[in-house]
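Biologist: Please take me through this model slowly. I am new to it and would like a close look at one part before the rest.

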Amino acid sequence: MKHLHILFTAGLMGAWALTGSAQVFSLDSCRSLAIGNNKNIRIAEQAIKGAGYERKAAHAAYLPGVDFTGGYMYNQRTINLLSENAKLPTMTFDPLSGKYVPNILVGPDGPVKDPATGSYIPTEVAVIPKEAMSFNTHNVFAGAFTITQPVYMGGQIRALNEITKFAEQAAIAARNSVVQDVVFAVDEAYWMVVSLKAKKALAESFVNLVDTLHYNVQAMLDEGVATRSDLLTVDVKLNEARIALTKVDNGLTLSRMALAQICGLPVNSNMTLQDENYTSRPEVAPEVSYQMEDVFARRQDLEALRQGVSLLKHKEKLTMSEMLPKVAVVGAYEFSNPNLNDGFHRKFGGGFSVGATLTVPLWHWGGNYNRYRASQAATNAQRLLLEDMEEKVELQVNQAKFSYQEAFKTYDMTLANMKSAEENLSNARFGFKEGVLTTDDVIAAQTAWLQANSEKIDAEIGIHLCEVYLAKVLGRLNY
């Protein structure tokens, strides 16, 4: 679905590039362009990807880990277990006693002792050369392949997997919320262009209206039935009308630039909108029905907070695991050069070993328990934040509903005002033609007509904006 959206956005961009200013943009196409080009949405998409990778990394903790450790050490000196040649006494087997007896020197008075050491003097010795007990350890290489399989980690691995799952869901909800904000911004900019285009046409009509009055007053002045002051009054109003037209035209240009920027197009793009000549009358305000529980479930900003509560709840379990025992099975193959498998050999040799590890936290001066209580406090704070946001959302929904209904009532009143303004302008023209009303009366009627039409345009656009805002706060603005 995402790829289809990207292709659709690329197609819109290509069509705009080929047709230039002739391209007509609908509200839906503007939304697609904005969603496809918005940087905040791209950032949110990357956050979702990162959360997905974190979830996969947490799942890998269930599986055994294989590691390799290697090392090298240079020693300056060799290892000498003897400082000199060792002389060991020997023994001879005595068949009569059936025992081994020492081979010691026997004098006239019995065994002879060494006066220096006080030990008996052997008649025979076995010599161990010093070189036989010297080992060359100048260059030592060692390494090990280890495999570790967690058996019970106090619920730590499961808690991590749940945390990453809720983090990914929160990232998705945050992305959806950003999309809704972008769509609402597009709608505001879109209808602003439509509004200013209508007001530009209105300003042009008003200029023509005042210009016609100026022509009539000039003709009356030439015939001597009007004064110079009347003409100057109309001139001032005509200049004001032209200045107002210039301001509206500039505002329309800037609003097109703002819409182009939101859509990701060059700001100097001459965007033509499908609804620029919108003249249809809005329908009667439809009945707005909803259940707040459904609104809470659809609101993506609340969904992100709910996922945050679940995430912090499992962080409590993660901190709790620090106080529980942990069991793992470990297997390894160690090797070294030199090795001592069968004597001292300067070559690689090693062997396998299998074991288990048990870690039981005993006493940490309350550090782990206090971290657990801190995580509980964070969860409670997030839960209170969610409740506060739900209360604000309920108020926001009611305000949006009243504004939506009020927009239709305002529109109906502007229709009545416009009808009165048109009738008043017609009467003023007739009275001015008959000579019973002044130019000031006609200008006042024209100004009232301009204001009534302008308010009608604002009311029409206000209905669209209130409609999209109501859909947004109800969580129904899906795109």
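Biologist: What is the relative accessible area of Lys 49?

Modeller: Lys 49 has a relative accessible area of 40%, so it counts as partly exposed. Buried means under 20%, exposed over 50%, and partly exposed in between, with a 1.4 Å probe and protein chains only. The areas come from the Shrake-Rupley method, and only the protein chains shown count as cover for a residue.

This is a predicted model: local features need pLDDT of at least 70, side-chain atom pairs count only at pLDDT 80 or more, and totals for chains, interfaces and linings use all residues. Numbering starts from 1 along each chain as its sequence is written, and side-chain values use heavy atoms, without hydrogens or water.

Lys 49 sits in helix H3, residues 39-59. Helices (H or I, at least four residues) and strands (E, at least two) are DSSP runs, numbered from the N terminus. Ala 244 is 195 residues away from Lys 49 along the chain, and their C-alpha atoms are separated by 51 Å.

Now to helix H4. Gly 224 follows H4 and has a positive phi, near 85°.

Next, the surface patches. Patch residues have over 30% relative accessible area and no salt bridge; like charges are joined within 9 Å, nonpolar side chains (Val, Leu, Ile, Met, Phe, Trp, Tyr) within 5 Å. A salt bridge is a Lys or Arg side-chain nitrogen within 4 Å of an Asp or Glu carboxyl oxygen.

One patch is negative: Glu 293, Asp 294, Glu 387, Glu 391 and Glu 394. H8 (367-434) gives the largest share, three residues. Asp 294 belongs to helix H6 and is partly exposed, at 40%.

The other patch is nonpolar. Leu 358, Val 360, Leu 362, Trp 363 and Trp 365 share about 730 Å² of accessible area. Leu 362 lies in the loop between strand S14 (349-359) and H8. Leu 362 is exposed, at 75%. Trp 365 lies in the loop between S14 and H8 and is exposed, at 73%. Its phi is positive, near 60°.

One more backbone feature. A cis peptide bond joins Asn 337 and Pro 338, with omega about 5°. Pro 338 is in the loop between strand S13 (326-337) and S14. Most peptide bonds are trans, and most residues other than glycine have a negative phi.

Key
Accessible areas come from the Shrake-Rupley method with a 1.4 Å probe; for residues, only the protein chains shown count as cover. Lys and Arg count as positive and Asp and Glu as negative; His and the chain ends are not counted. The place of a charge is taken as NZ of Lys, CZ of Arg, CG of Asp or CD of Glu.
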